[in-house]
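Open the model in your viewer and keep the selection tool ready. Each stop says what to pick next and what is there.

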Amino acid sequence: MPDLITHTAIARLLAGPFEFRNRSPHLPPLRIFLYIGVMLPDLMSRPWYILSPSVHDWVVAFHTPFGMLTACAFAALFFERSLRAGIFGRLFLGTVLHFAVDCLQKQVTGNNYWLFPFSWRNFGIGLFWAGDAIPFVPVWIALVLLMEVILRVRRVKQFKRAHRTEDESVEDGAEDGAEDGAEGSGRCRD
Amino acid sequence: MKSSPGAAVLRPCLLLLLGLVLILLAAYGAFHHPWISYADCIADPAACDGLVVEEFHEPRIGEIRPDGFELLQRGEAPVFVAADTSGLVSGEFVGLKAVFHREGTLTAKVVKVASRRREKMAVSLIPPVLVLFLFFRNFRFNAKRLEFGMRTDA
């Protein structure tokens, strides 16, 4: 598996452009579930066997799409009912992105059992070794920061433009109201 | 949001069901995997003679000799692996597939130094911490309902 910065940065760079049309100055809190999902397969398997290597075989199921589908549904049930579907969808989409990136790396032994528990077939394209991605971590961070700045500037501009339009329409409404009032009073005078 | 009595029963049932599925998947992975571990072979060396071992406990390269290297594992005694030692670095983690011999030694089939694995583990700690911070900034646990809800003050 590549490191979690690479995984998260790729997900952020793919998801970021979808926020270009977001008109709110605040970001929807549910978006973090995509990034939790991207990390979930590794967080549910790697730390446990690094700490205790004998549990390796017990956690292999958590680094598979079917295991993650179940785990995402389980996790989503710990949220308010109105949020569950959105959280489940984002978590699982994140895990799919994780497996897609994992399959690009070379392996000595298996790591991508996409058909588990129905088959132990290992999928992989084998383009790079996990360690090869480490020197690119600063590049990923720089790209994500650049995108965040662009998104932030764009959001603030959109927010200001929306407020300006709102203020102008309120002012126009007030002027119209004043004119109407004057006409009305004139009529009264008549 | 107020939940109906049906939904109140459904949630614990789903949690139980999904929890059970997760346990069964974990058990299936533990007992029906196709690979052979070094620990299995040490438990029954005669049965594993000539078989390819794919699972080791956090394997690292120890002393490098002209005809192979010493394999260090967490909780296991060092073992000699006959291998081509070009490119190997003592102290590094290693990806290994090796043929087991009943004497307890191994002959490497595939050896790949897992370079920068320590750096990989170190940088991998950063995103979970960041996301955990963002999570608790936006969500709060309701102990009464045993569920997270969005913070209204976020």
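Predicted model: local features only at pLDDT ≥ 70, side-chain atom pairs only at ≥ 80, totals over all residues.

Residues are numbered from 1 along each chain as its sequence is written, chains are lettered from A in the order in which they are written, and side-chain values use heavy atoms, without hydrogens or water.

**Stop 1: the interface.** Select chain B and chain A where they touch. The contact (heavy atoms within 4.5 Å) takes 53 residues from chain B and 52 residues from chain A. The two chains bury about 4600 Å² between them, 77% of it on carbon and sulfur atoms. Buried area is the accessible area (1.4 Å probe) lost on putting the two parts together, summed over both.

Now pick B:L22, B:L25 and B:K120. They supply 13% of the area that chain B buries against chain A, more than any other three residues.

**Stop 2: the salt bridge.** Which residue pairs with B:E147 in a salt bridge? Select A:R84; the closest N and O atoms are 3.3 Å apart. The rule (Lys or Arg side-chain nitrogen within 4 Å of an Asp or Glu carboxyl oxygen) finds one salt bridge across this interface.

**Stop 3: a covered helix.** Select α2 of chain A, residues 32–43. Helices are DSSP runs (H or I, at least four residues), numbered from the N terminus. Eleven of the twelve residues of α2(A) are buried, meaning under 20% relative accessible area (1.4 Å probe, protein chains only). Among them are A:F33, A:Y35 and A:D42. Show the cover next: it includes α6 (81–102) of chain A and β7 (139–142) of chain B.

Definitions and conventions: Helix = DSSP H or I, 4+ residues; strand = E, 2+ residues; numbered from the N terminus. Expected span 1.5 Å × (residues − 1). Buried < 20%, exposed > 50% of the residue type's maximum accessible area, 1.4 Å probe, protein only.
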